Amino acid sequence: MEKINQIYVNGEFITPHGTETFDLISPVTNQKTGEVVLGDETDTKLAIAAAKEAFKSFRKTTVAERVTYLEHLHEAVSKKEEELVKIMVSEYGGTLKFSKASVKNAIDSFTNMIEVLKTFEFQRIVGKSKVRLESLGVVGIITPWNASNSFICNKFATAIAAGCTVVVKPSEMSAAQTQLLLHCFHEAGLPKGVFNLVNGLGNVVGAEITRNPDVAKISFTGSTLTGKIIAKGAIDTMKRVTLELGGKSPNLILDDADLEKAIPAAVFGAYMNSGQACIAPTRLLVPENKLEEVNALAKAAAALVQVGNPMNEQTHVGPMVSIKQYERVQDYIRTGMEEGATLLAGGTGKPDGLQDGNFVKATIFTNVRNDMRIAREEIFGPVLSIITYKTEEEAIAIANDTTYGLSAYISSTDLSHANRVAEQLEAGRVVINEFKHDPLAPFGGFKQSGIGREFGVYGLETYLETKAILD
Ligand code: NDP
């Protein structure tokens with residue numbers, strides 16, 4: 001049984017002042033695997049004070065020095081790639097394929113930021129003035145459980161590039177993954193206090209980060225609900241915020257799409273990260289006159305989806321992270337049926353032979369209306385809704401008829417057609433044909449999917465304050 005009883009403050013692993021514990025439960029067996037001791041406000045204040053002190057000198061580091069730190073971090077995290085994958089699969093239940101990609105993203109965060117630093121201008125001439133982009137200060141990083149280390153690495157790499165110091169509050173459900181990452185960061189040998197981490201609850205550690213006047217910015221990934229609480233709290237001390245929140249992403253299958261390719265891809269795409277993905281394309285918009293063909297293809301694709309042990313290379317959908325998340329998804333499947341949507345695949349209950357863990361059947365609803373709750377709310381599980389449209393204009397209207405605006409997807413055999421549609425969608429990222437990722441392109445949401453952007457130049461700018469000097 002693993003006991004995680006250390007936090008990381010001022011370059012050292014220390015015993016937290018907080019004494020409460022949180023059980024770590026395997027999502028595959030629902031057996032207790034360990035526990036984590038939770039930090040409290042005292043621990044958080046200590047970590048913030050360390051970051052504040054370290055910022056005094058870290059802000060003065062040169063770009064070349066920051067590149068060196070990023071190289072050391074890249075090297076240290078790369079060395080533990082395999083273990084990081086293993087622990088993500090066992091603690092979180094992410095499939096092997098997804099966990100490998102997620103850890104790769106985490107590792108690449110450091111080299112991506114090195115790439116950005118090569119051409120980034122921290123000083124520019126605008127009008128007749130000198131404009132300096134200066135390090136913001138102490139950044140509070142608050143992250144969820146669904147790709148924990150990848151979020152931490154991306155945010156931390158950006159902070160280093162900007163000359164900021166950080167205090168991280170990860171999800172306590174990711175404590176074992178975080179602990180391994182911490183050892184990598186420690187090995188990278190950064191100056192004391194540049195990186196600090198406090199395990200603990202959102203309403204304790206997260207709340208202290210949100211209200212503490214010595215924190216200049218919060219970079220948060222999580223639910224829209226929590227994002228709003230943080231934004232409201234942050235305004236008292238006028239903190240800068242980057243909020244990466246939920247989504248209910250549309251996937252537009254245009255009239256000229258190759259259905260045989262697009263529909264299976266749409267089904268597997270909706271189940272990315274076992275459906276626990278903010279960018280999952282969970283609303284599949286299809287031409288009304290092709291619904292029958294779409295239903296047949298979607299059902300056939302769902303039959304190929306393997307739900308099961310995430311360690312297995314063939315598994316597409318692993319367990320939900322917790323019983324709470326499992327129950328939430330079950331509630332939504334029941335809601336879909338009560339709302340009158342037609343169940344095409346899956347349904348309530350666990351798949352055969354998978355009674356112990358938090359496994360959900362790969363589920364598809366068809367004949368869904370965009371005003372149903374299953375089409376409006378983020379389910380965060382393997383549940384896809386098929387919605388029809390009569391005209392392309394209507395398809396765009398349905399796609400945009402959501403409070404979210406994180407991602408959107410388009411399938412078409414005509415790239416210029418797809419691009420014309422992309423320009424009309426209200427989403428921070430529009431992906432045309434296949435599920436591509438570009439780590440240097442900005443990422444973030446329109447509307448209630450968030451505030452600000454991460455990655456690349458756009459991400460870096462949000463860790464900097466702009467000063468004009470008129471001499
Ligand atoms: P939550 O919003 O519940 O939690 C996210 C983090 O915020 C956790 O560390 C949590 O701590 C902390 N937190 C909770 N309450 C507070 C508070 N009052 N003040 C400060 N911090 C707090 O999200 P989940 O962990 O459930 O993650 C799933 C959500 O994340 C989904 O809605 C998903 O869409 C979103 N997400 C967004 C992404 C994006 O890039 N846009 C990417 C991935 C996920 P604790 O665990 O202790 O509650």
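Predicted model: local features only at pLDDT ≥ 70, side-chain atom pairs only at ≥ 80, totals over all residues.
I started with Ala-422, which is buried at a relative accessible area of 15% (buried is under 20%, exposed over 50%, partly exposed in between, with a 1.4 Å probe and protein chains only). Residue numbers run from 1 along each chain as its sequence is written, and side-chain values use heavy atoms, without hydrogens and water.

Still on Ala-422: I found this residue in helix H14, residues 415-422 (helices are DSSP runs of H or I, at least four residues, numbered from the N terminus). Leaving out residues up to four places away in sequence, Ala-422 touches Ile-410, Val-430 and Ile-432 (contact is heavy atoms within 4.5 Å).

Next I looked at H1, residues 41-58. Its 18 residues reach 25 Å from first C-alpha to last, close to the expected 26 Å (1.5 Å times one less than the number of residues). Among its buried residues I noted Ala-47, Ile-48, Phe-55 and Phe-58. Down the axis of H1, the buried residues fall within an arc of 160°, so they line one face of the helix (the arc is that of the directions from the axis to the C-beta atoms).

Then cysteines. I found zero disulfides (pairs of cysteine sulfur atoms within 2.5 Å). The sulfur of Cys-164 has its closest cysteine sulfur in Cys-153, 17 Å away, too far for a bond. Cys-164 is buried at 0% relative accessibility, and Cys-278 is buried at 17% relative accessible area.

Methods:
Helix = DSSP H or I, 4+ residues; strand = E, 2+ residues; numbered from the N terminus.
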